[in-house]
Amino acid sequence: MAKQEQPMINIHRQNPPAWFKQADFGIFIHWGVYSVPAYAPVESEDFDTIKKHHSIRYMYKHTPYAEWYANGLRIPGSSVWQYHHEHYGDHTPYSSFAKSFQQTAQHVDVEKWADMFANAGAKYVVVVTKHHDGFVMYDTDVANPQVDDYHLNFDFVGQLAQAVRKRGLRFGVYYSSLLDWTFTPKPIRTAADMMLGNDQSQTYLDYAWDQWHELINRYHPDILWSDIGYPVDPRLPQLFKDFYQAVPEGMVNDRWGSYPNWLRHSFNKPLFNLGAKIVTGRSNKGKDTPPLYYDYRTLEYTADWHGTDYFETTRGMDKSFGYNQYSRPQDYITADEVRQIVAKVRPQKGRLLLNVGPEKDGSIPPYQERILQDLAERQP
């Protein structure tokens, strides 16, 4: 039976709170177990270029995203698979990096981070609390039924929230709702894998539900930033009600469907022929079709927006969100290009969420730090 979208509720804010309208620049943070191997092929193009000119199968095999390392490791012959076997051998599972990361992560200096972000002109910060690899970035009380002790053992998220809020910045939480590779053993190689390969069991539904509520109740985030989508769960409208009750001026992004927005609206061909190129982010009539649940829209590695909604474009400083130790100087954006993006999207009701990908010990890589310093030195 085909998946059904959840029933419509009206959560879309036509008139967002003042803080969001004024927040034209924010900082995204992708930091996790994937920061230990810190690898993605630098020869790959950026995400927007890949989705325009290559197949989905190519994208997953040659992803420039270092935070997708665990998925690449499951694809024999992929760039990640080859790298891993050359550097770590045949018997080192991805999960073994978690113990190392739990130790090195304790060196993070969130006060230094917050100073750098505020000085660079950021108005808000969104941090990854759980990426697709399933590792949780705080001392969660919600046990993962598949893996023991697969989380940080200190409250990194709470410490960061306090640090950025002391400096007048708003604080949001990212959570990978649809994908959690501790629950699913098969790799994502095709669009069908993405749409059908996620866990829809009641066990996972309850796990995601409980962790989202833990994030809301602990941190009262200003933004709920779901990634990819959300498993089919009739309770989803209640999650939004609970959030807005706890945070009346809170905002939610647009990635809450049962499969990704860009998959739903990018193809002119039937789903059984999903080897086609990903050519646009719009419907086959050339018109954008908004998802059911959102306060604002999200773009990735492009600022090409033609809608009327409030939106956010997000990208890494290089071609990855997670730290890629092999990125070259030519792979990085410049501070002037950051300013140009902000200047372009601001009049269109947009904002830039620029990613920082720290190293495994929480230090911000020198090239990324220089970009933040340049932004700080030349504030308008």
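Figure 1. Lys360 counts as partly exposed because its relative accessibility is 37%, where buried means under 20% relative accessible area, exposed over 50% and partly exposed in between (1.4 Å probe, protein chains only). The structure is a predicted model, in which local features need pLDDT of at least 70 and side-chain atom pairs count only at pLDDT 80 or more, while totals for chains, interfaces and linings use all residues. Residues are numbered from 1 along each chain as its sequence is written, and side-chain values use heavy atoms, with hydrogens and water left out. Lys360 lies in the loop between β8 (352-356) and α14; helices (H or I, at least four residues) and strands (E, at least two) are DSSP runs, numbered from the N terminus. Apart from neighbours within four places in sequence, Lys360 is in contact with Trp31, Ser35, Val36, Phe101, Thr104 and Ala105, contact meaning heavy atoms within 4.5 Å. Ala105 is 255 residues away from Lys360 along the chain, yet their C-alpha atoms are separated by 6.3 Å.

**Figure 2. The buried residues of helix α6.** In helix α6 (residues 97-104), Phe97, Ala98, Phe101, Gln102 and Thr104 are buried. Their cover includes α4 (69-73) and α5 (79-88). Two of these buried residues, Phe101 and Thr104, also belong to the contacts of Lys360.

**Figure 3. Helix α7 against helix α14.** The axes of α7 (residues 110-119) and α14 (residues 366-377) come within 8 Å and cross at roughly 45°. Helix α7 is therefore oblique to α14. Axes are lines fitted to C-alpha atoms, for helices over the stretch in contact, and angles run from 0 to 180 degrees between N-to-C directions; those under 35 degrees count as roughly parallel, over 145 as roughly antiparallel, 65 to 115 as roughly perpendicular and the rest as oblique. Lys112, Met116, Phe117 and Asn119 of α7 make the contact with Glu369, Leu372 and Ala376 of α14. By class, four nonpolar, one polar and two charged residues take part; Ala, Val, Leu, Ile, Met, Phe, Trp, Tyr, Cys and Pro count as nonpolar, Asp, Glu, Lys and Arg as charged, and the others, Gly among them, as polar.

**Figure 4. Helix α10 against helix α11.** Helices α10 (residues 202-219) and α11 (residues 236-246) pack at an angle of about 10°, with axes 10 Å apart. Helix α10 is therefore roughly parallel to α11. From α10, Trp209, Trp212, His213 and Ile216 meet Leu236, Gln238, Leu239, Asp242, Phe243 and Ala246 of α11. This contact has seven nonpolar, two polar and one charged residues.

**Figure 5. Two residues with positive phi.** Most residues other than glycine have a negative phi. Tyr301, although not a glycine, has a positive phi of about 60°. Tyr301 lies in the loop between β6 (297-300) and β7 (311-316) and counts as buried, at 8% relative accessibility. Lys349, also a residue other than glycine, has a positive phi near 70°. Lys349 is found in the loop between α13 (335-345) and β8 and, at 32% relative accessibility, counts as partly exposed.
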